[in-house]
Amino acid sequence: MNRTARSRRERFDPVSQDVPTRTWTVLAQDPSVLGPGKRALTTRVAVPAERLEAGPKGHRIHVIDFDATRNAYYEPRQQDFYSDRYEKTGDIDKLVNDPYFHQQNVYAIAMHVLCVFQTALGRPISWGFNSQAPQLKIAPHAFADANAYYSRESESLSFGYFSGESGDTVFTCLSHDIVAHETAHALLDGLRASFLRPSHADQAAFHEAFADVVALLSLLKSSELVELGLMEISDRRNLIKSRDLTYQSLRQKNILFKLAKQFGREMSFVRGDALRHSVALDPSPTLLGQQVYQEPHRRGEILVAVIFQAFLKVWCKRLEPRGTDRGIALNRAVVAEEAAAAARELLHIAIRGLDYLPPIDLNFGDYLSAMITADLQLYPNDSKYLYRKTLREAFASFGISPSGRRREDGAWDPPPTAEKLRYDGLHFETLQSDPNTLFRFIWENRNALGIDRDAFTRVTSVRPCVRVSTDGLVLRETVVEYLQTLRVFARELDRFGIKCPEGLSGQTFLPLYGGGTLVFSEFGHVKFHIATGVRSPRQSDRLKSLYERGAFNRDTGVGTQFADLHRRRMLGGAGHPEEQW
Amino acid sequence: MASNSPKSLTVRTYDVGFGDCFLLSFQYPRRQRHVLIDFGTMRLPTGKRVTGKYMNKVAEAIKQDCGGKLDVVVATHRHRDHISGFERQRGKGPGEIIRALKPAVVIQPWTEDPQAPRDATAPWRRGFARTLLEMRNVAAKVVESSRALYGDRFRQMRAQLAVIGMDNIGNPDAVANLMSMAPNRFVYHGSKAGLGGILPGVKVTVLGPPTIAQTNTIKTMRSTDADEFWHLSARFWQRLSATKEAHGTSARALFPRHPVGALPRSAGWFKYSVMKEQGDSLLSIVRILDKVMNNTSVILLFEANGKKILFPGDAQYENWMYALSKPKVRKLLEDVNLYKVGHHGSLNATPKTLWNAFARKGGKSKQGRLQTLLSTKEGVHGSPDRKTEVPRTTLLNALHDDSNLVNTEKFKPEVLREEVTLKF
């Protein structure tokens, strides 16, 4: 390498020395969604202004463009790492045929989603790899297949490519929602590893549904994309009548449904028409009980539909002070900006809710209580846009009530035995970092916290966080998770008040999992204890669901779990383990 | 006993390794009638003392056993391990010998009916037929794609892909022979087998495969959008087939003008991770299509003078589900005398609902004990670690303990077939 080349490679982005982020161009959705004049519809996302190497390879993400089908490594950009070359590129073909752009697209979207999570949770987030590796690997052209997935085993996101209906190659790495979806899987796995354990139908559905929620809201917070959808109802002056901006009208006109259908056309082969199904799903309190929604990938559609409904309502609420409450027509850009703001807020609530969930065996009602609690902590006053009320109503319209029952608003209750808790040996500094200190707290307070004595207990994470609201409120909390395992024979279940699944041999030795999330205030006191015990009545449902899905018959590794899940979403359900040998 | 009823039935089980081949010979007062059910292999048996082409020898044995005349051929489904023996191989294959035995009728599942795709009143039917066609194309391409998984570390994966992939490819030679050697009859649950004239005194009930419409009446998943599902499914396999065609191992570069280089040393390990994932992905694809094809199997129940003989091909539970949902059928199957074990003894082709209903199973002292036939070869499919080995150990134990089992794995090297006779 000559001196000139080296100096060019090592030249650092001058902007990054002064500001913490840089913005890079990515596709707003995918190459099939074009803007006015058939130009590429792009958007710009903020990523940390970090030092980069060829890949791009940063401190959290490493793009490795290896193609297993062709045994080829597509070279990354060797120079000029920091500039956004594609800001002014409107020719979609140029972007589709340029692997450098593909590499930038996956890096920037994944890195941006990571940043959104870190901002919402108020702390750095680790990946869920056994090796503790800091970098998630991304293969934008991993193989020729209509699939894309996260793999904990490979510490990676793999994006396939396939022949589209037109004969052109479709690249899943160019689909904004697919990249966001897979990144969300990786992040959720880092935050809550036990959510991948086999459990009842809600937990099985949650991973996929949450990833879809992140994907959907990531798209909707792109005002460029929403503006495109709104063109149909705006006039020549780019104005939209207020009567077209009511919840009923937006739902009936299916503006976003049509958009979802458009960008789902080719990508539906990757994981079915899930987004379109969710957006079109009419609220009904009986859906969850229907047999068809017992399948995890279908059940998840309900959670996405709930969030989408809440989004539409909050969006309309935000438009009222802009003029819809006075019958004033609004500029399309303003309407789209409010959609983006609503999506941004809801995405933060959806992510913050994760910290207030039990570490295992969650159900949708838990998630509702978790989101309400999370929002209540940071925004005590919700009178302006009514996010919490809207979420409660949206969940209720699908027959889901909050698990927190004592409070009218559906948030979790403080521990009923708070005054009995002992804080002996608990120092604020170690409370924020040391699992052993936290284990002592659990040890001292087993009775007061109602933690099972027979079960093996371990603290799995201690995470201090600092969250700042847009109103300037600073919230300091420490989130601690512990897990419990109790192994029993199926024949013993009766003694615990747990129903043994019909047909399961009494000789089956099976684990009962439980655990809890302890949220400590900035003064080191327990604010919430969100737990599900190893002898919880939920275990009956969990075991039944596990048995019906064959979890006791054979091991289900987490390696390519998502590859299989996406395939099932596309091609229908799994087998009938109860009929197998 | 009526004079035109059979007095006995001899069932011959031919050792074709990992495959199926059975000859049912009904003994009437004046002559015999012969029904050949399947003739195919994926892996020949090892250690056989046979010279020349093994499957031709089996065909010759069939010819000898049926006295040079077959009455019925049943091809339960299109898998290679059930129909490869019907390949004519330009006049030199075993299919030529079988063809010369001039069967009067060939029975196949409705999914093989060439008219099915043209039934405009049922879009799902076209979609399903199209899906099967595209799946066969994909199977062929998967076998080719597995070559990209080079090196020792992927040997086992390549072998699995080859076995399942090859089993699912089109078998055009065998299919053409089956279509032309005699008039074909395409059957489904509840349709007439049409063998009354050939097998007087024998009632033949078709229990499977169900049609899609029948399946939809009990299917709990996607019941409201069956048309859309099959349409999307057909498009998916079509896309996958086109993808494997356009992006095979020898395809042109994905980005012709983009530099392709060597992986950086720090990322070397990642290459094998992605390769393994691709292999896993290919395996999951072929397993799905293998299952769909198994579930097109014809299930036949023969009844003669109160004795019941059940041949289910490779039907898995999704095929059985419709028949077993009917109390009348469950009752009918309770006193089965002879059961051909489904899918070479795999974990999911003898539904527990079916096995538990067999009243004649039991210990050695059981009067009129259930007779079972298992045609299989160990070490071809699945693995004990994942509890997917074929034959599945737990099923094999149950067959040993509760039935009189004929298992081709136990045939001596000099034995080509074993026979079981049921007296009526």
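This is a short tour of a predicted two-chain model, stop by stop.

Residues count from 1 along each chain as its sequence is written, and chains are lettered from A, with ligands numbered from 1, in the order in which they are written. Because the model is predicted, local features need pLDDT of at least 70 and side-chain atom pairs count only at pLDDT 80 or more, while totals for chains, interfaces and linings use all residues.

**Stop 1: the cores.** Select A:Ala110, A:Val213, A:Val214, A:Ile307, A:Phe311 and A:Leu346. These have the most contacts inside the largest nonpolar core, which has 178 residues. A nonpolar core is a set of buried Ala, Val, Leu, Ile, Met, Phe, Trp, Tyr and Cys residues joined through C-beta atoms within 7 Å. Buried means that 20 or more other C-beta atoms lie within 10 Å of the residue's own; exposed means 12 or fewer, partly exposed in between, with C-beta atoms placed from the backbone.

Now centre on A:Leu346. Leaving aside neighbours within four places in sequence, A:Leu346 is in contact with A:Leu217, A:Ile307, A:Ala310, A:Phe311 and A:Val314. Contact means C-beta atoms, placed from the backbone, within 7 Å. Apart from this core lies another, of 77 residues, including B:Val11 and B:Leu399.

**Stop 2: an enclosed helix.** Select residues 317-324 of chain B, helix H10. Eight of its eight residues are buried, so H10 is largely enclosed by the rest of the structure. Among them are B:Glu318 and B:Trp320. Helices (H or I, at least four residues) and strands (E, at least two) are DSSP runs, numbered from the N terminus.

**Stop 3: where the chains meet.** Here 48 residues of chain A are in contact with 49 of chain B. On the chain A side, strand E6 (136-144) gives the most, with six residues.

Next, show the open sheet E4(A)-E5(A)-E8(B), three strands with antiparallel pairing. Strands pair if DSSP finds at least two bridges between them. E4(A) and E5(A) (residues 72-74) pair over two bridges, with A:Phe66 opposite A:Tyr73. Two bridges also join E5(A) to E8(B); there A:Tyr74 stands opposite B:Val260.

**Stop 4: the chain B sheet.** Seven strands form an open, mixed sheet in the order E6-E5-E4-E3-E2-E1-E14. E6 (184-187) and E14 (417-423) are the edge strands, each pairing on one side only. Finish at E1(B) (residues 8-14), which pairs antiparallel with E14(B) over seven bridges. Select B:Arg12: opposite stands B:Glu419 in E14(B).

Conventions. Two residues are in contact if their C-beta atoms, placed from the backbone, lie within 7 Å.
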